[in-house]
Amino acid sequence: MDLERPLPTPITPECRPYWEGARDGRLMIPKCRACGKPFMYPRVACPFCASRDIGWVQATGRGKLFSFEIAHQILNKAFKVKTPVVLAMIELEEGPRILTNLVGIAPDPKQIRCDMPVEVCFEKLTDQVSLPMFRPVGGGAR
Amino acid sequence: MSDLAKLRELSNSVCIVGVDESDEIGTLPGKSQLSLHVEAITNAVRDAGLKVSEVDGIFTAGQHSPATIGEAIGVVPRYVDGTTVGGCSFIIMVGHAVLALHHGLCDVAVVSHGESGRSGVGVSPRRDTALPGQFEFPYGFGGAPTYFGLITTRHMHEHGTTLEQWAQVAVSTRKWAALNPKARNRDPLTVKDVLDSRPVVWPFNILNICLVTDAGGAVVLTRADRAKDCAKRPVYVRGAGEGSEHVMLTQMRDLTFSEATRRSGEKAFAMAGVKATDFNHIMLYDAFTSGPPLMLEALGLAKRGEGVHFFAEGRSTPGGKLPINTNGGGLSYTHSGMYGIFPIIEATRQLRGECGARQVPNTKLSLVNGMGGMLSAAGTLVLANDR
Ligand SMILES: [Zn+2]
């Protein structure tokens, strides 16, 4: 089956819980047991206090649209989703920021607003891999 | 000795004595990027009135190591530096070369750039995609516009900046390009032209985004005592500073304010003993129209959200009070990928008074600032034509 998107590659060992969580429909993020701060992307040491004592927690999946842009062309040939596509930076309720796509809303800068509340949804790519995506809270089934 | 006193001792101790591009810049399918390096180095060394055999310090960033460049020009360097933190690496390396020259680790340093960014001749595959490959590429990210757009949208949200204001940066820069025979795009440009151009990644249309070209450039430096015997008027490195904050855009602490840029400027101004408002010529790395305003804000020349006013009010254009990007910039002159060598070349030429129709009268103190990645790293230089 032809995929519409490049799979996350390579899934590095320290990031595996993130992708296993996504496969099961849960947004898992690393959290430092020493200073208590959650962070992204996953690392073996805390970026805030350098502690090596890192655990994982399930994020609420809620956050705000920190910034966005509307791609009319995509350089990566392996990305075949029909443009325009909304590329987004989400700030999770827990604090960390991640890049994703905003779905469930027209790709129109007049309708999309920075700081609008968003929630996670998952797009299954294969039996092993689902991608966390985000949609406006209370709107837009997809 | 205090840290500041140590820095001040470096100020004016080293000069830029030679600068040049490769034989041609633009679309060059007949030249490898290694050849672009070699052309630029031989041209810049000639500009300095020196011989290639006198080069003993090699500084370069990108796909070729300084060892490769030394080998290609037939010298065995005493000092090499391959710091690669994005397009500003060459600006940062001028500071590194000041240190190495000041301490006698080399006598003639060359900072070299060559990139077949358009034609891809003799280039290597991209490296360092492990994190973007997991967390960015599956969503369609990839290519600088898909990252800088996020910075730009957030700036518009926080400060009310507009598409028209970004377009004014392209218009101002094009006015300079019209005066530079080496610039790729020299036709007049209006705000409407920019707003009506092909959409790429909103908020950017194609005319908000730099060119993609093939080009080389090199800068030759030596200690001030020796610089007096070179062919051209020496340009003093009065201050140099660098900063490096993040790589992944999600790790940038404040998405609309570059901490790397701020730190690089603070260090360079302290070393030079100047204020942000002292300059009468400015070169900023313009990969995108929103870049230069944000750099002015991080460097302290403008309040947050107000960098765009420099371009809107005609201060930055030919005849303006504070000329910016007088070569026509990455937007209209050339942009091979790692653009940072070219603002240094232009600032040197302006300080020598070599710029013909685009010469800024009485250029005495020039500010060069560039970014690496997405405002991730930064280098700042304070250049002057006397000490
Ligand atoms: Zn911690």
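1. Ala50(A) is exposed, with a relative accessible area of 53% (exposed means over 50%, buried under 20% and partly exposed in between, with a 1.4 Å probe and protein chains only). Its phi is near 70°, a positive value in a residue other than glycine. Ala50(A) sits in the loop between strand 1 and strand 2 of chain A; helices (H or I, at least four residues) and strands (E, at least two) are DSSP runs numbered from the N terminus.

2. On conventions: this is a predicted model, in which local features need pLDDT of at least 70 and side-chain atom pairs count only at pLDDT 80 or more, while totals for chains, interfaces and linings use all residues. Residues are numbered from 1 along each chain as its sequence is written, chains are lettered from A and ligands numbered from 1 in the order in which they are written, and side-chain values use heavy atoms, with hydrogens and water left out.

3. The zinc ion is held by the SG atoms of Cys32(A), Cys35(A), Cys46(A) and Cys49(A), at 2.3 to 2.4 Å. Donors are N, O and S atoms within 2.8 Å of the metal (3.2 Å for Na, K and Ca); water is not among the atoms, so sites may look incomplete. The spacing of the donor residues in sequence is C-x2-C-x10-C-x2-C. Angles among the 4 donor atoms run from 102 to 118°, and the site is tetrahedral (four donors with all angles between 85 and 135 degrees).

4. Two cis peptide bonds deserve a check. One joins Met40(A) and Tyr41(A), with omega about -10°; Tyr41(A) belongs to the loop between strand 1 (28-32) and strand 2 (54-58) of chain A. Another runs from Trp202(B) to Pro203(B), with omega near 15°, and Pro203(B) is placed in the loop between strand 5 (199-202) and strand 6 (204-205) of chain B. Most residues other than glycine have a negative phi, and most peptide bonds are trans.

5. Asn12(B), not a glycine, also has a positive phi, of about 65°. Its place is the loop between helix 1 (3-10) and strand 1 (14-21) of chain B. Asn12(B) is buried, at 11% relative accessibility.

6. In chain B, the axes of helix 10 (residues 259-272) and helix 11 (residues 291-299) come within 8 Å and cross at roughly 55°. Helix 10 of chain B is therefore oblique to helix 11 of chain B; angles under 35 degrees count as roughly parallel, over 145 as roughly antiparallel, 65 to 115 as roughly perpendicular and the rest as oblique. Axes are lines fitted to C-alpha atoms, for helices over the stretch in contact, and angles run from 0 to 180 degrees between N-to-C directions. Thr261(B), Arg262(B), Gly265(B) and Phe269(B) of helix 10 of chain B meet Met295(B), Ala298(B) and Leu299(B) of helix 11 of chain B (contact means heavy atoms within 4.5 Å).

7. Val110(B), in strand 4 (residues 108-116) of chain B, is buried at 0% relative accessibility. Leaving aside residues up to four places away in sequence, Val110(B) touches several residues, among them Ile41(B), Val55(B), Phe59(B) and Val219(B).

Key: Tetrahedral: all angles 85-135°; square planar, octahedral: opposite > 155°, others 65-115°.
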